[in-house]
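Please look over the sequence and the structure shown below before reading on. The briefing is meant to be read with both in view.

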Amino acid sequence: MPTEPVIEVAGVTKTFAGVKALDDVDFTLNRGEIHALVGENGAGKSTLIKVLTGIHSPDGGRIARNGRISTIYQEVNLVPLMSVAANLFLGREPRNRLGLIDRTRRDAEAKELLQGYGITADVSSPLGTLAVGEQQMVALARAVEADADVVIMDEPTSSLEPREVETLLDVVRKLHEQGIAIIYVSHRMDELYRICDTVTVLRDGVSVHSGPLKELPRIELVSLMLGRSVNEIQKHGTTAFGEDHHADTLPVLEALDLTSKPRINNIDVSIRPGEVVGLAGLLGSGRTETAKAIIGALPLDHGTVLVAGKPVPHNVKAATRAGISMLAEDRKTEGIIPNLSVRENIVLAALPKLSRFGITSRSKQDRIVDAFIKRLRIKVSSPEQKVAELSGGNQQKVLLARWLCTEPKILLLDEPTRGIDVGAKAEVQALIDELAKEGLAVLLISSELDELLDGADRLIVLRDGEVAGELEGAQLTREHVLNAIAAEVMDDADGNQNSH
Amino acid sequence: ESQQTTTSGGPAASAAQQQSAGPGCPRSRTGYPQVDVKGATVGFSQSEKEANPFRTAETQSIKDEAAKKGVDLLYTNAQSDLNKQISDIKSLLDRGAKLLIVAPLNSDGLQPAFDAAKAKQVPVVTIDRKVTSQPCTDYLTFIGSDFVEQGKRAAQQMIKATGGSGKVAILLGASGNNVTVDRTKGFKDGIANSGLQVVAEQTGEFDRSKGQAVMEQLIQSNPDITAVYAENDEMGVGAVTALKAAGKTPGKDVKVVSIDGTRNAVQLIADGSYTAVVESNPRFGPLAFETLEKFAKGDEIPQNIVISDDEYDSSNAQQKLGNAY
Amino acid sequence: MTLTATRTATRTRWLQDNGVYVAVVALVLFNVAFTANFLTVGNFRTQLVQAAPVLIVALGMALVIGTEGVDLSVGAVMALAAAIIPLYLGAGPLVAIMMALTVGLAAGAFNGFLVAKVGIQPIVATLALLVGGRGLALVIADGRLVQLHDPAFLALGTDDVLGIPISVVIAGLLALTVAALTNRTTFGRQLVAVGGNRKAATLAGLPVNRVLIGVYTICGVLAAISGVLATSRLAASDPADMGLLMELSAITAVVVGGTPLTGGKVRVLGTVMGVVLMQLVRATLIKHNLPDSIAQMIQAAIIVAAVYVARERR
Amino acid sequence: MQATATRTKVLQRQGAAVALILMVAVSWLVFPRFGSLDNLRDLALQGSFLAVIALGMTFVIITGGIDLSVGSLYALGGVLAAWGSQYGFLVALTLPLLVCGAIGFVNGLLIARTNMAPFIVTLASLLFARGLLLAITDEGANTYQIAPDSAFVELGRGTVFGFGYPIFIAAALAVLGGLILNRTTFGQNVFATGGAEQSAVLLGVPVAKTKIGVYTMSGTLAGLAGALTAAYLQSGVTVIGVGTELDAIAVVVIGGTLLSGGMGTVLGTVIGVGLIKVIQNVINQIGTLDSNYQSVVSGVFLLIVVVLQRILRR
Ligand SMILES: Nc1ncnc2c1ncn2[C@@H]1O[C@H](COP(=O)(O)OP(=O)(O)OP(=O)(O)O)[C@@H](O)[C@H]1O
Ligand SMILES: Nc1ncnc2c1ncn2[C@@H]1O[C@H](COP(=O)(O)OP(=O)(O)OP(=O)(O)O)[C@@H](O)[C@H]1O
Ligand SMILES: [Mg+2]
Ligand SMILES: [Mg+2]
C-alpha cells in the first residue's frame, strides 16, 4: 500500500475564548485509507475537521492538503427551504445552452442519483420535509458526488437507522475501492471496526494515539478515549442498562388513539411508573411525532392523553404541568437556548417553581444547578458558561437536567444518546435506568437497536405511523424486532440484493 | 374690494393691489372650451393631510365656496406623496373634472399631471405654492402668497421689535421644501442692512415639538439670543414653550416672529408673549372660483395672483383674533 | 504571542461590551472642551428631559427586540395616546392618562396577538398599526392640534421632584423596573429564552404566547406613557407629529446600546446609554449649528461606528 | 384528495394573486372608472417605480436581510439624474446607478464583513443618503430641472400604446430578476444564504459576496427608480422617497416572500405592488374619504392581506 499523505497536519492549535479545543495536534491521512477519528464529546474532533477544511483558521501549526476535500458535517448542513435537488447540486448545477440552470435536468439527475441511496422522495420538494436521516443521506450523496480526493464524515450515521447505515457503509467501501481517502468520525464502535484501517484518538484537544485500528482491542481504544486504565473500565455490554424494572402499578401515562394525519394514525401508548417503554421503527415511522403528540406539540385530529387517569389538555404547557417532559431529538433547534448560560438553560422549565411571585431566586437556582452538574457530570468551566460553547454530549446532559429539575412523572426521550460519546452515553443510559428505578415512566426513542433492546422493558414498534406490534420479555430479540419493524421493507431490500 | 368671510372664520384671500406685470392669459389664447363654474365638475387636489390648521382652513374654504357656487367638487388628498398627487390629478381628470384647483405638494415635479390636464383642455389653478412650470400653457395661474415677501415682512417686524440689533436664531422649515428656502431668503435679505446677527439656523421641520426641542438646545448654547424667527407658527409656539421653561419671557427678552396666522400664535401675541405674525392666508376658495369664472367669461387672467396677507402684532392681535385660523 | 493575542481579544471583548459607555464619555468630553455653556445644570436638564420620552419607548423596544421581534408601531401609539388626552381631560388628568394608557395597552396587546396567536412576523404585524394607527389618532382628534390648559396635567411636563424633572424621574424608575423585570423575574428570563430559541422554549413548556403578548403589551403601554409625557411637555395634543419616526430612534438606541436584533439578550443599561448617546449627538450637532445635511451624515457615521464596536463577533 | 391538496397549495402560494384578482374584479364592477384605459395606464406607471425598488428589496429579503436605505437612495438617484442630465443622457442615467450602487455596495460590505445587523446599517445609510442629497442641493434649495425636450425625459415620459416606458423597463427587470433568482448560481446562493447561513458557508456558498451583491443590486435599482422618476417628473425633486422603504418591504412581504429569508418570488412582489396600488386607487375612486381615514383604510387592508395569507399558509 502506497503511503502517500493527502493531508498532513503538524502542531495545530486552536483556542476558543479560553478553551483549548486543539492542542499541538499532529495528524496524517494517507491516500486510500479509512481513518477513524475518535474521542469523547468535546475532544476536538469537529474542530479538527473544521480546521482541515478551512472553516476555522488555526492559531498555530501547519496544514498541508494534497487534493480536494469534501465534507459531511456533524449537524446536517443543508438548506431546508430549498428543494432536495437544489441542495444536491448547489454550486454545480447543470446548465442549458443559455448558461441558465436546467431545472428539468437537475431534477432528473437528482432523482436518479438519490435512488442509489435508497431515497425516493420528491426531489423538487423542500429538503426540510424529509426526515433527518434522509437529509443526512442527501448530504452524503452531495459530498460523494463532488469528485473529491478526500471525504470527511463527521458522525454520518448518528441519525441513520440500521438499513441506512448499511447503505452508507456500502458507499464508504465503494469510495475506498476508488482510492479515495476517508476520515470517519463516529461514536459507534462496531462501525469503526468494520470499516476503518487506522485510528487517531483525541482527548481534551490532544492527539493521544495514532495507529492501525485492527490491532487495538476495543477496551484499549475506550481507555485511550476516556484516559482511564483498562482495569478501571468496568466490562459491560454494548450499553450500560441494567436489569428490567419492576412495574406493576396502573399506567401513569395513557395515550389513546393519537391521530394526526398523515403522520400518525390510531397510536396507543401506555407506560407505568418505573417502566421504560421503547419506541422502535424506521426513520419517518412517526416516533418523534408520537412523542410530540403526547406532549401536545403536534396538532391532533383526535386522541387523548391521560396522566394518572386524568385527561390533559392538548398543549405543551398543560402537559408539562401534568408532569410530562420531552427531550427533543434535535438539540440545536429544539433544545438549547444558545445565548443563555448553562444555569439558565437548566432552570428554564422549572423557573416558576424556583420563583416567588414571579421573582426568581438566584440561590435556589444555584443550589439545584450545582447538584445537577455534579450528578450528571456536566463538563463546564462554570455554570455561567454559554451553553452554545459546550460539546454536544454536554449539551444533551444540560437538557436532561432541565427536565429533571421539573420533577416529571413521565419522561419522553427522543434519541437521548445521539451523537454522545461512549462515556457520556453510558452515563446517560445508567441515568435512565436510575430514573426509572426512582419511579419515572420513560418513553425511549432510539435508532440504535441495542439501546432499545437493553434499555426498554417493552417495545412498541411503529410502521408508517401505525403500531405494528408490541414486544415484551422473551420477544425482545434483534430478530423479532427487525421482523416487526420492517417486514415489507426488508423484503424489498432482499429483492434489490437479488437483482444485483 | 368687499371682504368675503368664510365659515372657517376670517377674511378670504384677496388679490393684492399691486400685481406683477406680465402678459395676461385670456381663454382665447389657450383654446380651451368655455366651462361655466356653476354646475361644473371641479377637481381639487390637496397635497397634505388636513392635520395642520393651514391645510384644514384651505380645504374648508374650497369646499365651502364650491357648495356656494353649486359645483360638483371632486376631492383627493395626496398624503404628502408627490407621485400620488400626480395620480390623483390624473384620476380627477378621468372622473370628469372640467376645472382643476391644485395645492401643489412641491414646486417641481407636477409636470406629468399638468400635461394630462392640458391634453384634456382643463384649466388648472394652483394655490398657495407656485410651481416652476409655464403659466397659461401648463397651468392657468397661481394664487397665493409671495413667500420671499413674507420673509421680508417678518424681517421688518423683527427689526421694528428689536430696534435692529441683537442675535437671532432661525427655526427653519423642513429641509428641501421651497417654502423654507423662500422664507429664509426673504428674512435674510430683510435683515441684511440691520444690526441683527443670525447666530443659529436649525431645522424644526415645521413641527411644534421639534421647534421646541431645537430651541431648548439653542438657549443653552447661546444664552444671549434676543430674537427668534420661526418659519411657521407651530415652531414659534414651540419656541415660546421652550423659552418659558428656561425662565425667559418671550415677547419681552426674546422677540418671537413667525409666519402663518394660526389662532394659537395670534392668541400668544394678544397675551403678550409673542411679538408678531405675518399672515399666510389659506382661504383661497372665493378667489379661486372667481378666477375660474373670469376665465370662462374670457377675461385676461394674470400669471400670478399674489394675495395680500395681513400682519398681526401687539397693536391688532386682540381685535383680529377672529381672523386667525 | 498567545499572551498578546489573548490580551487583544480581552480588550476587544471589553470594548464590545462597554463601547457605548466609552462613546458617551468621549462625546461628553468633546462637548466640555468645544461646546459653549455645556457644563451647566440647565443644559444637562435639557438633555435629560429630551431623552426621557425616547428612553421610555426604547425600554419597551428593547424587550420586544429581546424576543427577536420589533415594534414599528410605537410612534403611532404615542400619537394615539396624545389624541386621547384632550377627550378625557375634562374628567381630570388622571382619567385622561388612564384612558391613554389603556389605548396603549390595547394596541400593544393587539400587536402581541398578531405575532403570537396569528403568527405574523413582527415587522409586518406592527407595520399595519404604524400605517393605520396615526390615521386613527387623527380621526379621533379630527385632525387637529389641541392646545392643553389643565395645569395639573401640564405640571407633569414642567415640574420637578427633588429638583429633577418629573418625566426624568419616571423614565429612571421605569428603567430600573424594566431592568429588574428582565433580570430578576420569571417573565424576564422566559422572554429572553423565547427570543433565544422559540421552538425550544415552546417544547420546554414555556408560556410562549403569554410572554409574547405580554412583551408587546408592555411596549404599547410604555409608548403610551411616553406619548402622555411628551404631550404634557408640549402643552398640546398633536397627533399628526407626535412620535413621528420614534420607532427608528428607539431601535437605533437599543441596538447602539448593545442589544442584538437577533434576540435572546436584553441590555437595559446599554439601552439607557444608547438613548443618551443619540441625544448627545443630536445636541452636539445643533449646538454647533451644523446644517441638516452634514448633521444627518454625521449621525449615520456615529451609528455605524457605535454598532461596529459593539457587534457580536462570529 | 391529491387534487384538493394541489389546489390548497396553489392557493397558499398565490394568496396575494387571488386577493389581487378579487380586488380588481370588485373594483371593476363597483367603480366604472376603475377599468378605464387611462386609469390602468396610470396605475401601471405608478406601480413601475415601486416595482423596480421592490425588486431589489426582494433579493435582499430572501437573503434574510432588509434595506431601509432605498427610500433615500430613490430620492438621491432622482437628484443625481437631474443634475447629470445637463451633461447628456448617459451621465443622467449612469450617475445615479453608480452612486446609489456604491452606497448599496458599502451597505453590503458592512453587513457581510462585520456582522452588523442589516437593519441598523441600512438605517444609517438612510440618514447618510438624505444628508448627501441635501448637501448637493444646497440644503434642498436647488431643484435641478431636466430640459423638457431631452432624450432623458423621453425615458420617463415616452409611451407605447399609451403605456409609459418605465412600465416596460420594470417588466423587463422583473423577468430578468426572476431568471437570475431561479436560474443562476447567484440566485441559488441568494436562497441558500437566507435559508441557512451557517450551512451555506459550509456548503461553499460565497455568502459574503452574495450579500454584497444583493445590497449593491438593491441600491442600484433604487437609484434607477429615482432616475426614471426624475425623467418622468422632469426634475430632481428632493422631497420624494420618505417612507418608500416601508412600502417596498410591505409589497415584498405581501407577495409572499418570507421576511426571515430563504423563500420568495419576484412574481409575488409584482403582485404585491399591484395590490398596494389598486388599494390606493380604490380609495381615490371612493373619493369622499376623509384624508385621515385613508391611512386607516390602508392599514386595515394591509392587515387583512397578511392575516389572510397567514391563514391560507396553515
Ligand atoms: N465555536 C466555538 N466557540 C467556542 N467553543 C467551541 C466552539 N466550537 C467548539 N468549541 C469547544 O471546543 C471543544 C471541542 O469541540 P468539538 O466540537 O470539536 O468536539 P467534538 O469532539 O466534535 O465533540 P462531539 O463528539 O460532541 O461532536 C469543546 O470544548 C467545545 O466546547
Ligand atoms: N415538518 C414536516 N413536514 C412534513 N412532513 C414531515 C415533517 N416532519 C416530519 N415529517 C414526516 O413525517 C413522518 C414521520 O417523521 P418522524 O420524524 O416522526 O419520524 P421518526 O420515526 O421520529 O424518525 P426519526 O428517527 O427521524 O426521528 C416522516 O415521513 C417525515 O418525513
Ligand atoms: Mg463533533
Ligand atoms: Mg425522530
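This is a predicted model: local features need pLDDT of at least 70, side-chain atom pairs count only at pLDDT 80 or more; totals for chains, interfaces and linings use all residues.

Residues are numbered from 1 along each chain as its sequence is written, chains are lettered from A and ligands numbered from 1 in the order in which they are written, and side-chain values use heavy atoms, with hydrogens and water left out. Of the five pairs of chains in contact, chains C and D share the most contacts, where contact means heavy atoms within 4.5 Å. Chain A and chain B, on the other hand, do not touch, and their nearest C-alpha atoms lie 37 Å apart.

**Where chain D meets chain C**

- The contact involves 39 residues of chain D and 41 residues of chain C.
- About 3500 Å² of area is buried between chain D and chain C, and carbon and sulfur atoms give 75% of it; buried area is the accessible area (1.4 Å probe) that two parts lose on being put together, summed over both.
- Four chain D parts, helix H5 (89–114), helix H6 (118–136), helix H12 (244–254) and helix H14 (291–313), each supply at least two residues of the side that touches chain C; helices (H or I, at least four residues) and strands (E, at least two) are DSSP runs, numbered from the N terminus.
- The residues on the side of chain D that touches chain C comprise 26 nonpolar, eight polar and five charged, where Ala, Val, Leu, Ile, Met, Phe, Trp, Tyr, Cys and Pro count as nonpolar, Asp, Glu, Lys and Arg as charged, and the others, Gly among them, as polar.
- Between chain D and chain C there are zero salt bridges by the rule, a salt bridge being a side-chain nitrogen of Lys or Arg within 4 Å of a carboxyl oxygen of Asp or Glu.
- Four residue pairs are in polar contact between chain D and chain C, both residues being at pLDDT 80 or more; a polar contact is a pair of N or O atoms within 3.5 Å, where within protein one must be able to donate a hydrogen and the other to accept it, and residues adjacent in sequence count only if both atoms are side-chain atoms.

**Where chain B meets chain C**

- Here 26 residues of chain B are in contact with 28 residues of chain C, and the area buried is about 2200 Å², of which carbon and sulfur atoms give 44%.
- The rule finds 17 residue pairs in polar contact across the interface of chain B and chain C, both at pLDDT 80 or more.
- Strand E7 (195–203), helix H7 (208–221) and helix H8 (233–245) of chain B each supply at least two residues of the side that touches chain C, and the largest share, ten residues, comes from H7(B).
- By class, this side of chain B has seven nonpolar, twelve polar and seven charged residues.
- The count between chain B and chain C is one salt bridge, in which the side chains of Glu216(B) and Arg233(C) meet at 2.4 Å, N to O.
- Arg233(C) lies in helix H10 (residues 208–234) of chain C and Glu216(B) in helix H7 of chain B, so the pair joins two chains.
- Both Arg233(C) and Glu216(B) are buried, where buried means under 20% relative accessible area, exposed over 50% and partly exposed in between (1.4 Å probe, protein chains only).

**Two helices of chain C**

- Helix H7 (residues 166–184) of chain C has 19 residues and reaches 26 Å from its first C-alpha to its last, close to the 27 Å expected at 1.5 Å a residue; the expected span is 1.5 Å times one less than the number of residues.
- Among the buried residues of H7(C) are Val168(C), Ala171(C), Leu174(C), Ala175(C) and Val178(C).
- An α-helix has 3.6 residues a turn, so residues three or four places apart point the same way.
- Helix H11 (residues 246–256) of chain C is mostly covered, with ten of its eleven residues buried, including Met246(C), Glu247(C) and Leu248(C).
- Just after H11(C), Gly258(C) takes a positive phi of about 100°.

**Charged pairs in chain A**

- Over all chains, the count by this rule comes to 48 salt bridges.
- Asp23(A) forms a salt bridge with Lys20(A), their closest N and O atoms being 4.0 Å apart; Asp23(A) is partly exposed at a relative accessible area of 28%, and Lys20(A) is partly exposed at 45%.
- Glu427(A) forms a salt bridge with Arg377(A), with the closest N and O atoms 3.6 Å apart.
- This pair links distant parts of the chain, 50 residues apart, with Glu427(A) in helix H14 (residues 422–437) and Arg377(A) in the loop between helix H12 (362–375) and helix H13 (392–405) of chain A.
- Glu427(A) counts as partly exposed at 23% relative accessibility, whereas Arg377(A) counts as exposed at 56%.
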